[in-house]
Amino acid sequence: MSRFLNERFRTIEEYTPGEQPQNMHEFVKLNTNESPFPPSPGVIAAVNGAEAEKLRLYCDPDCKVLISKMAKLYGVGQENIFLSNGSDDILNFIFMIFCDDGVVYPEISYGFYKVYAELHGVKDIKVPLKKDFSLDPADYCGAGKTVVIANPNAPTGRAIGLDEIEKILKSNPDNLVVIDEAYVDFGGESAVKLTKKYENLLVVQTFSKSRSMAGARLGFAVGAAPIIADLTKIKYSTNPYNINRLTQAAACAAIDEDEYYRANAKLIMENREYTSTELQKLGFEVIPSKANFIFAKSDKIDGEELYQLLKEKKILIRHFTIPAISQYNRITIGTRDQMDIFLEAVKEILKRRI
Ligand code: PMP
């Protein structure tokens, strides 16, 4: 740390991203919830094509073409969509500008919420989940502060229904309710349609998971026009060109091939059910998931040890050291072949221990 760093940033505990090893191709990589499938052919063509030649020019800061395509796809107005550099960027803005009264979110959830709260000096209340990691909507009713809920939640994979989200929205008319839907395309129910009914709702999604574009960095939010205008004001006060030319072109192509991504999401869901069943046969407890990952533990092996032994076999999964969940591991769902390699390795590790 340099002596120049402002006092208030000195104690921040930064977010630790999942490992991205240099020798990535040697690993079966099931640790950061990326898609195992490449982007659609149109995306590859868009990035390799004429757009690359235009890189000397700034990109469109309003992302007009992309926003109009997205508005059509999601059935909302263009004034209801905000785009930014990954949904992390949007969550950062939310904690920066909508949390004067504080924020409430589940104690076990996306680790970045805590970091953003600290970064922006926001008072945060972390609400415990039930023992089975399910969320009680009553805990967020009449919160009196901004509510942030990942649905499906991470790293548990559990989802709540729109009826439960509506209860939270109705009981917080004067506070913003943010639903982080990074994983919604894998079987969850999206709250986007509720944005027409509730002007205190903001839904955040990403192209990183179901759309195989984690490396392109594109997130979006859907909500009432005044909220979108606020976010846009902050984007234009920080970095108006925060969605680069190639990403805009790639995302337009991805939307044109939406069917490809929906088919991939379906495969992931099938592989998730297969992997869950196989792990349960091996004695694992698997939390029911609506995401592209599962959260599982075994009484036969410590979570950290399983993570380490799999890593030795060049299989990466995600382990969290937080005591309440340190017995568990989060396993991203890949192709059927990848999941078979993972399951074989788990079997072998457990057999060696008998
Ligand atoms: N929300 C949740 C719940 C996540 O797990 C992630 C991925 N780490 C994000 C948001 C951020 O995704 P991205 O910035 O890639 O859009």
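Phenylalanine 133 is buried, because its relative accessibility is 7% and buried means under 20% relative accessible area, exposed over 50% and partly exposed in between (1.4 Å probe, protein chains only). Phenylalanine 133 lies in the loop between β4 (124-127) and β5. Its phi is near 70 degrees, a positive value in a residue other than glycine. This is a predicted model, in which local features need pLDDT of at least 70 and side-chain atom pairs count only at pLDDT 80 or more, while totals for chains, interfaces and linings use all residues. Residues are numbered from 1 along each chain as its sequence is written, and side-chain values use heavy atoms, with hydrogens and water left out. Helices (H or I, at least four residues) and strands (E, at least two) are DSSP runs, numbered from the N terminus.

**Backbone in the loops**

Most residues other than glycine have a negative phi, and most peptide bonds are trans. Lysine 314 also has a positive phi, near 65 degrees, in a residue other than glycine. Lysine 314 is placed in the loop between α10 (303-312) and β11 (315-316), and it is partly exposed, with a relative accessible area of 33%.

The bond from asparagine 151 to proline 152 is cis, with omega near 0 degrees. Proline 152 belongs to the loop between β5 (146-150) and α6 (162-170). The bond from alanine 154 to proline 155 is cis too, with omega near 10 degrees, and proline 155 is likewise found in the loop between β5 and α6.

Serine 237 sits in the loop between α7 (225-235) and α8 (245-256). At 55% relative accessibility, serine 237 counts as exposed. Its C-alpha atom is 14 Å from that of asparagine 92, a residue 145 positions away along the chain.

**Aromatic pairs and charges over rings**

The structure holds 18 aromatic pairs. Rings of Phe, Tyr and Trp (its six-membered ring) pair if their centres lie within 6.5 Å; planes under 30 degrees apart count as stacked, over 60 as edge-to-face and the rest as tilted. Two of the pairs are set out below.

| Pair | Centre to centre | Angle between planes | Class |
|---|---|---|---|
| Phenylalanine 95 and tyrosine 105 | 6.5 Å | 65 degrees | edge-to-face |
| Tyrosine 260 and tyrosine 261 | 4.9 Å | 90 degrees | edge-to-face |

Phenylalanine 95 is in helix α4 (residues 87-97) and tyrosine 105 in strand β3 (residues 103-106), 10 residues apart. Phenylalanine 95 is buried at 0% relative accessibility, and tyrosine 105 is buried with a relative accessible area of 3%. Both belong to one aromatic cluster, formed by Tyr15, Phe95, Tyr105, Tyr110, Phe112, Tyr113 and Tyr116. In the other pair, tyrosine 260 is partly exposed at 25% relative accessibility, whereas tyrosine 261 is buried at 2%.

A charge sits over a ring if NZ of Lys or CZ of Arg is within 6 Å of the ring centre and within 35 degrees of the ring normal. The charged end of arginine 330 sits over the ring of phenylalanine 293, 5.7 Å from its centre. The charged end of arginine 336 sits over the ring of tyrosine 274, 3.5 Å from its centre.

**An open sheet**

Three strands form an open sheet in the order β9-β10-β12, with antiparallel pairing. Strands β9 (284-287) and β12 (329-332) are at the edges and have a single partner strand each, so one side of each is left without a neighbour in the sheet. From one strand to the next the twist averages 35 degrees; axes are lines fitted to C-alpha atoms, for helices over the stretch in contact, and angles run from 0 to 180 degrees between N-to-C directions.

Two strands pair if DSSP finds at least two bridges between them. Strand β9 and strand β10 (residues 293-298) pair in the antiparallel sense over four bridges. Glutamate 285 stands opposite lysine 297 in β10.

**Helix α11**

Helix α11 (residues 336-353) has 18 residues and reaches 26 Å from its first C-alpha to its last, close to the 26 Å expected at 1.5 Å a residue. The expected span is 1.5 Å times one less than the number of residues in the helix. The buried residues of α11 are Gln338, Met339, Phe342, Leu343, Ala345, Val346, Ile349 and Leu350. These residues cover an arc of only 160 degrees around the axis, which puts them on the same side of α11; the arc is that of the directions from the helix axis to the C-beta atoms. On the other side of α11, Asp337, Lys351 and Arg352 are exposed.
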